[in-house]
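Work through the exercises below with the sequence and the 3D view side by side. Try each task before reading its solution.

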Amino acid sequence: MLDQALLSPWQSVGRWLKGDEAATPFEVAHGKDIFEVTKQNPEFNSLLQAGMASDARLVVQVLIRECGDVFRGLRSLVDVGGGTGTMAMAIAEAYPQLKCTVFDLPHVVAPLVGSRKVEVVGGDMFEHTTSGRGAAQVGVARLERCGMCEDPAEMQGGNSFKRGGGKVVIVEMVLNVDDSLPELSETQLLFDLHMMANTSGKQRSEAEWGKLFKSAGFSDYTLKPLLDLRSVIEVYH
Ligand SMILES: C[S@@+](CC[C@H](N)C(=O)[O-])C[C@H]1O[C@@H](n2cnc3c(N)ncnc32)[C@H](O)[C@@H]1O
């Protein structure tokens, strides 16, 4: 977080608020969005991926230990936006019957190609879902596509998804799940600001997630707090 590339968006918040062109302060500072920069700057890409992988190493251990039921009975799993595969590889190791696939941007998964532990698919999850849609609808469209593919290779194809009866598992900070510790809520809100500054994303409350699932046509979900900051949400058709 202290790399100049991630500090400059904070120095651009004023310009971002006053202008109406750029989607994020990151774009004001760099002239393009964060994943374009990771594509063009391998050093920044490695830094960002290493940071996220280091976080994933901790989270996946707790996920497997405390929420192992999530994976029981599944035959295949696609980690969408799975980065360099830390989480998928740990899950594949813990559940050898599970065929795990990492799906992320081609330049992110490139070093993983040929891995014997997980399948690797490079592509853009927004492709075929963004035209004419606003940001929230894109989120819904992305969810609609999740849990519907019978074959992970279809992630590349874009619009040929069929309802496969799967579920979507989301490991994410959910706001206000536990308001007994104000420091936790403050940290979650800090991440909300990071999302705003760098990616145009946000952290959501359970009610906001529920609304999103409903709009994407899912019928039900369960939510279990995981680590102090995160929860595991399972979403069903
Ligand atoms: C918060 S990180 C996830 C990190 C990952 N779970 C891990 O364990 O390292 C979000 C990921 O989404 C990927 N991503 C962003 N835009 C994408 C797109 N349009 N299509 C596919 N992946 C994308 C990024 O490259 C990044 O690896």
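**Exercise 1. Start at Trp209: buried or exposed, and which ring partners does this residue have?**

Step 1. Trp209 is buried, with a relative accessible area of 9%. Buried means under 20% relative accessible area, exposed means over 50%, and partly exposed lies in between, using a 1.4 Å probe and protein chains only.

Step 2. Know what you are looking at. This is a predicted model: local features need pLDDT of at least 70, side-chain atom pairs count only at pLDDT 80 or more, and totals for chains, interfaces and linings use all residues. Residues are numbered from 1 along each chain as its sequence is written, and side-chain values use heavy atoms, with hydrogens and water left out.

Step 3. Look for partners. Ring pairs join Trp209, Phe213 and Tyr221 into a cluster. Rings of Phe, Tyr and Trp (its six-membered ring) pair if their centres lie within 6.5 Å; planes under 30 degrees apart count as stacked, over 60 as edge-to-face, and the rest as tilted.

Step 4. Look for a charge. The charged end of Arg204 sits over the ring of Trp209, 5.3 Å from the ring centre. The rule asks for NZ of Lys or CZ of Arg within 6 Å of the ring centre and within 35 degrees of the ring normal.

**Exercise 2. Find the aromatic pairs: how many are there, and how is Phe71 placed against Tyr95?**

Step 1. Recall the description. A pair of aromatic rings is described by the distance of the centres and the angle of the planes.

Step 2. Count. The pairing rule gives 4 aromatic pairs.

Step 3. Classify one of them. Phe71 and Tyr95 are tilted, at 5.4 Å centre to centre with 45 degrees between the planes.

Step 4. Phe71 lies in the loop between H5 and strand S1 (76–80), and Tyr95 in the loop between helix H6 (86–94) and S2, so the pair ties together parts that are 24 residues apart in sequence. Helices (H or I, at least four residues) and strands (E, at least two) are DSSP runs, numbered from the N terminus.

Step 5. Check burial. Phe71 is buried at 2% relative accessibility. Tyr95 is buried too, at 9%.

Step 6. Now take Trp209 and Phe213. This pair is stacked: 5.6 Å centre to centre, 25 degrees between the planes. Both residues belong to helix H10 (residues 206–215), 4 residues apart, so about one helical turn separates them. Phe213 is buried, with a relative accessible area of 3%.

**Exercise 3. Describe the ligand site: which residues come nearest, and which elements supply the shell?**

Step 1. List the neighbours. The ligand has 16 residues around it, and Met52, Ala56, Asp104, Asp124 and Met125 come nearest. A residue is near if one of its heavy atoms lies within 4 Å.

Step 2. Trace the elements. Helix H5 (42–66) and strand S2 (99–104) each give at least two residues to the shell. H5 has the largest share, 4 residues.

Step 3. Sort by class. The shell holds 9 nonpolar, 5 polar and 2 charged residues. Here Ala, Val, Leu, Ile, Met, Phe, Trp, Tyr, Cys and Pro count as nonpolar, Asp, Glu, Lys and Arg as charged, and the others, Gly among them, as polar.

Step 4. Find the polar contacts (pairs of N or O atoms within 3.5 Å). The side chain of Gln49 has an N or O atom 3.1 Å from a ligand oxygen. For the side chain of Asp104, the distance to a ligand oxygen is 2.7 Å. Met125 uses a backbone N or O atom, 2.9 Å from a ligand nitrogen.

Step 5. On its own the ligand has 590 Å² of accessible area, and the protein covers 81% of that (Shrake-Rupley method, 1.4 Å probe).

**Exercise 4. Inspect two loops: which residues have a positive phi although they are not glycines?**

Step 1. Go to the loop between strand S4 (167–175) and helix H9 (182–198), where Asn176 is placed. Asn176 has a positive phi of about 65 degrees and is not a glycine.

Step 2. Move on to the loop between H9 and strand S5 (204–205), which holds Ser200. Ser200 also has a positive phi of about 65 degrees without being a glycine. Ser200 is partly exposed, with a relative accessible area of 47%.

Definitions and conventions
A polar contact is a pair of N or O atoms within 3.5 Å; within protein, one must be able to donate a hydrogen and the other to accept it, and residues adjacent in sequence count only if both atoms are side-chain atoms.
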